[in-house]
Amino acid sequence: MDYQPHGLQLVFDPRKGFCHFVLYSEPPGVGPGIGLNGGKILAIDKTVDGAAVRTGSPYVREWVQRLEPCDPDALHVALVGSRDAASLWHPCVYADTQSPAAVGGDGCVCWQTFHDPVTWMPVAAKHYRTVSGNHENWRYSTCSPLGFPDGVRLASLILDDGAIWMRTEDGTLHFLPEALGAGYSSGYSGGGPTELARMIEKIVQLDGYNITPGTARGMPDRKVLAWVSSPAAKQRQELSLEQLKLLCRTGVVA
């Protein structure tokens, strides 16, 4: 059955000062299979030094460069929260020195809104610039996808500084789908590496297809967990699906 749109019904609670609403959003041109994990917020810094953009990660640069500016909508409001929601409509100091977000003539604390044209995920970027511009950065927040269209296959898993990515067979970069409250990390003993080790096992079991967040409870294979928790997994690296399969068989990636 096709989705039938309905009018948006807002219910205002004067005791709490906000509106409750239900939002349906379908990414245009992407097809079924992509959902929004509103509980997972990813923030990445991009620092501007004169005309040069400095980011520590090539994957961050790749992702940021594909983002497209757009008008704020309810998804962006959900990202930033009620306290900063009104600021989404304030111009950057570069566009208007009299903006409510401008500080001292050339400082700025604005928000700018984008979407990812691949997944249609909302992105909100917090711009912080000190007066005179001695320090300036953009901090990007977004949501993790809950899945991908049928037939999309993971070609590689990417361990990056503070983020875990995946690349599909057509070369497209994505955040690895993540369950609410189950973040990934590597290079030490803890819950994050354990969840990543379980996710690696899931990827291998499914041969890279149907990658969705959430893994079975229980401890992963000791070989996989030992590598994910080791200093070797702390380094930035892109592991092919074949390397992940090797890891599950032998406990090493090469």
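**Exercise 1.** Which residues make the nonpolar surface patch of about 310 Å²?

*Solution.* The structure is a predicted model, in which local features need pLDDT of at least 70, side-chain atom pairs count only at pLDDT 80 or more, and totals for chains, interfaces and linings use all residues. Residues are numbered from 1 along each chain as its sequence is written, and side-chain values use heavy atoms, with hydrogens and water left out.

Step 1. A patch takes residues with over 30% relative accessible area and no salt bridge, joining like charges within 9 Å and nonpolar side chains (Val, Leu, Ile, Met, Phe, Trp, Tyr) within 5 Å. A salt bridge is a side-chain nitrogen of Lys or Arg within 4 Å of a carboxyl oxygen of Asp or Glu. Areas follow the Shrake-Rupley method with a 1.4 Å probe, and for residues only the protein chains shown count as cover.

Step 2. The members are Val103, Val109, Tyr128 and Val131.

Step 3. Val109 lies in the loop between β7 (107-108) and β8 (111-115); helices (H or I, at least four residues) and strands (E, at least two) are DSSP runs, numbered from the N terminus.

**Exercise 2.** Determine whether Val109 and Ser87 are buried, partly exposed or exposed.

*Solution.* Step 1. Buried denotes under 20% relative accessible area, exposed over 50%, and partly exposed in between (1.4 Å probe, protein chains only).

Step 2. Val109 is partly exposed because its relative accessibility is 34%.

Step 3. Ser87, in the loop between α2 (74-80) and β6 (102-103), has a relative accessible area of 19% and is therefore buried.

**Exercise 3.** Locate the buried residues of helix α1 (residues 58-66).

*Solution.* Step 1. They are Tyr59, Val60, Trp63, Val64 and Arg66.

Step 2. These residues lie on the same side of α1, because they cover an arc of only 165 degrees around the axis, the arc being that of the directions from the helix axis to the C-beta atoms.

Step 3. An α-helix has 3.6 residues a turn, so residues three or four places apart point the same way.

**Exercise 4.** Describe the surroundings of Gln237.

*Solution.* Step 1. Gln237 belongs to strand β14 (residues 237-240) and, at 16% relative accessibility, counts as buried.

Step 2. Contact means heavy atoms within 4.5 Å. Leaving aside neighbours within four places in sequence, Gln237 is in contact with Leu157, Ile158, Leu159, Trp227 and Ala232.

Step 3. A polar atom of the Gln237 side chain lies 3.0 Å from the backbone oxygen of Gln235.

Terms used:
A polar contact is a pair of N or O atoms within 3.5 Å; within protein, one must be able to donate a hydrogen and the other to accept it, and residues adjacent in sequence count only if both atoms are side-chain atoms.
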